[in-house]
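This report describes one protein chain for a reader who is new to structural analysis. Please keep the sequence and the model in view while reading.

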Amino acid sequence: PEEPKPPFSYYQYGGTVGGPISRGKAFFFADFQGTNQKRSDTLTLSVPTARMRAGDFSEEGNPIIYDPQTGQPFEGNVIPGSRISPLAQAFINLYPNPNRDGLRNNYVVAPTVKNDVYQGDLRLDDNFTASDAIFGRGSFISDTRLIPAPLPGIAGGGDYILIPEQPVDY
């Protein structure tokens, strides 16, 4: 089946304005720029197969699983259901089922990553007299990124949303 086209958009915009506040004495200048980006990052990961979830590691390519009580390999490379702890089963159930065939690289996901950046400056100049002048300038930048986790829930390893940075004044 044909997969949907991943999202991609990129917008960059801005402008400047400046001019006199009072004729020949005070002036201002301001600028602003914004960038909004949305794109997809395709990731290929490995997740446990249905047989692995049941303790069956007999599929070709799996490592040999040893019984920690005897030090010998489990017969047929299958862990008996009675030997799988509820905690281990709960942990393995945090992972999604494969969406591709195979033992490895069997899960493909394409989360949408968003990035918004806004920045601007303001400058004021005042010429009190021909020999006395003052100016002031302020700048800000805000950068917000949203990076979803590659796997759902706790299996994703934690919170992948980056908190927006605080505006920076120079």
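Where is the place of Asn-105? Asn-105 is found in the loop between H2 and strand E4 (107-109).

## Basis of the report

The model is predicted: local features need pLDDT of at least 70, side-chain atom pairs count only at pLDDT 80 or more, and totals for chains, interfaces and linings use all residues. Residues are numbered from 1 along each chain as its sequence is written, and side-chain values use heavy atoms, with hydrogens and water left out.

## Order of the elements

Two helices and six strands make up the elements of the chain. Helices (H or I, at least four residues) and strands (E, at least two) are DSSP runs, numbered from the N terminus. Read from the N terminus on, the order is β-β-β-α-α-β-β-β.

## Overall dimensions

The chain has a radius of gyration of 29 Å, whereas a compact globule of 170 residues would have one near 15 Å. This radius is taken over C-alpha atoms, and the globule rule is 2.2 Å times the number of residues to the power 0.38. Along the principal axes, the C-alpha atoms fill a box of roughly 95 × 40 × 20 Å.

Among contacts between residues at least 6 apart in sequence, 60% join residues at least 24 apart; a contact means heavy atoms within 4.5 Å.

## Surface and burial

The accessible surface of the chain is about 12,000 Å², and 58% of this area belongs to carbon and sulfur atoms. Such areas come from the Shrake-Rupley method with a 1.4 Å probe; for residues, only the protein chains shown count as cover.

Of the 170 residues, 24% count as buried. A residue is buried under 20% relative accessible area, exposed over 50%, and partly exposed in between (1.4 Å probe, protein chains only).

## Charges and salt bridges

The chain carries 14 positive and 19 negative charges, whose mean positions are 4 Å apart. In this count Lys and Arg are positive and Asp and Glu negative, while His and the chain ends are not counted. Each charge is placed at NZ of Lys, CZ of Arg, CG of Asp or CD of Glu.

Side chains of opposite charge can pair when their charged atoms come close. The structure holds five salt bridges, each defined by a side-chain nitrogen of Lys or Arg within 4 Å of a carboxyl oxygen of Asp or Glu. One of them joins Arg-83 to Asp-67, with the closest N and O atoms 2.7 Å apart. This pair links distant parts of the chain, 16 residues apart, with both partners in the loop between helix H1 (50-53) and helix H2 (86-92). Asp-67 is buried at 9% relative accessibility, whereas Arg-83 is partly exposed at 33%.

Another salt bridge is formed by Asp-41 and Arg-39 (2.9 Å, N to O). Asp-41 is partly exposed at 30% relative accessibility, and Arg-39 is partly exposed at 28%. Asp-125 and Arg-123 also form a salt bridge, with their closest N and O atoms 2.9 Å apart. Here Asp-125 is partly exposed at 23% and Arg-123 is partly exposed at 32%.

## Positive phi angles

Asn-105 is not a glycine, yet its phi is positive, at about 50 degrees. Its relative accessibility of 48% makes Asn-105 partly exposed.

Is Asn-77 buried or exposed? Asn-77 is buried, because its relative accessible area is 12%. Asn-77 lies in the loop between H1 and H2 and has a positive phi of about 60 degrees, although it is not a glycine.
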